[in-house]
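Dear colleague,

Please find the structure below, followed by a short account of what was found in it.

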Amino acid sequence: MFVKPITKLSALLFGRRLRLHWKELPHQQKAVILTALLGATALALTLYTMAHTETVPITGRKRFIFITHDQMIKIVEREVEEVLESCKDKILPSTHPLYKAIIGVAERLCVQNQDIQQMKDMQWKVFVIENDDFNAHVYPTGEIFVNTGLLKLVTNADQLAAILGHEMSHALLSHAAEQLSYAQKWDFFVIVIMAALWMIIPSDGIASITSWFMHRVIKYFDLPFSRELEKEADKVGLQLAAKACFDVREASVVWSMMQVKDTVEGNSIPEFMSTHPSNETRVELIDFLIPRMTELRDKCNCPRLPSNDPRVAMQHVKRFVDDKVVAKQAGQNLSKLQAQVYQKPTIQRRVAPGQS
């Protein structure tokens with residue numbers, strides 16, 4: 001909270017202080033200094049990254065991690081305490097019937113994925129929050145927060161498993177620590193560049209505008225990285241659901257429904273400006289992975305999937321919505337459409353092999 005802004009301000013003042021000396025240097029010497037500065041920065045970042053590289057569990061991907069597990073746990077515990085305090089009046093009691101459906105899905109995902117060490121080590125806890133937002137979130141310490149609004153969108157346990165599997169994957173893969181580490185590495189780069197900018201640029205006004213523009217540009221460097229983590233969580237979440245014998249085709253339906261919701265409400269934003277892949281991109285990725293995940297279900301001795309593919313019915317819904325959106329553009333009213341799309345469903349629990 002305090003070190004980062006102080007460090008950036010110090011870099012700014014340090015660069016500004018060196019400006020007078022910089023002006024007096026010959027052009028050739030300036031070029032040598034800049035080259036040396038950039039080279040030293042690149043070398044330091046490379047060595048720092050190599051020294052803090054580890055393998056991602058489950059996927060085997062190599063990544064940069066600066067924050068230790070214990071540090072991350074302390075950060076998350078404080079954040080969870082703040083969330084529980086701010087939502088204490090909205091958390092439903094454990095006797096509420098919604099807990100049975102959510103815990104049933106989460107427990108099945110956990111029990112059928114005990115071959116994953118992180119899944120065995122995690123202590124999962126479920127909290128249902130009375131909130132109309134279509135959202136669920138899982139913290140690295142195992143707290144699962146599900147908004148009641150999400151249960152107005154999903155229509156069965158398979159769809160809920162797709163969402164919980166995705167969110168649980170973020171915790172299992174330690175994506176939060178990876179994002180903080182990635183931001184830390186960029187901060188180091190920004191501090192060096194800020195000092196150089198305020199040293200080279202002769203005017204404080206131009207240096208301020210350049211620094212502001214640089215921060216805006218660097219912000220968009222974080223977005224592709226965040227989208228890749230979301231895709232990885234989609235893949236691992238599908239794997240968790242497949243091994244727990246859920247219908248993985250319903251994951252495609254979930255994000256198709258999200259796409260329909262955004263279309264009706266006009267909330268779509270370009271993918272390159274978002275921390276998440278577009279719903280359309282996610283549906284394409286999931287549909288591509290479904291044959292592989294179906295094979296994984298078969299290896300786990302799961303029951304055969306129903307012959308009726310739920311994605312077919314969803315395609316009819318999407319075409320219906322697209323027609324209505326065209327009608328809206330022609331000046332018609334969408335109020336009836338919204339009522340049809342957002343009818344409150346019920347969570348239906350499917351029974352896993354060996355369960356009753």
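Is S174 buried, partly exposed or exposed? S174 is partly exposed, because its relative accessible area is 28%, and the term covers values between buried (under 20%) and exposed (over 50%), computed with a 1.4 Å probe and protein chains only.

Please note that this is a predicted model, in which local features need pLDDT of at least 70, side-chain atom pairs count only at pLDDT 80 or more, and totals for chains, interfaces and linings use all residues. Residues are numbered from 1 along each chain as its sequence is written, and side-chain values use heavy atoms, without hydrogens and water.

Two residues with positive phi

S174 lies in the loop between α6 (157-172) and α7 (175-200); helices here are DSSP runs of H or I with at least four residues, numbered from the N terminus. Although S174 is not a glycine, its phi is positive, near 55°. C245 is likewise a residue other than glycine with a positive phi, about 65°. The loop between α8 (204-243) and α9 (249-265) holds C245, which counts as buried at 10% relative accessibility.

A pair of packed helices

Helix α4 (residues 97-111) packs against α6 at an angle of about 60°, and their axes are 10 Å apart. Axes are lines fitted to C-alpha atoms over the stretch in contact, with angles from 0 to 180 degrees between N-to-C directions. The two helices, α4 and α6, are therefore oblique to each other, a term for angles that are not under 35 degrees (roughly parallel), over 145 (roughly antiparallel) or 65 to 115 (roughly perpendicular).

Yours sincerely
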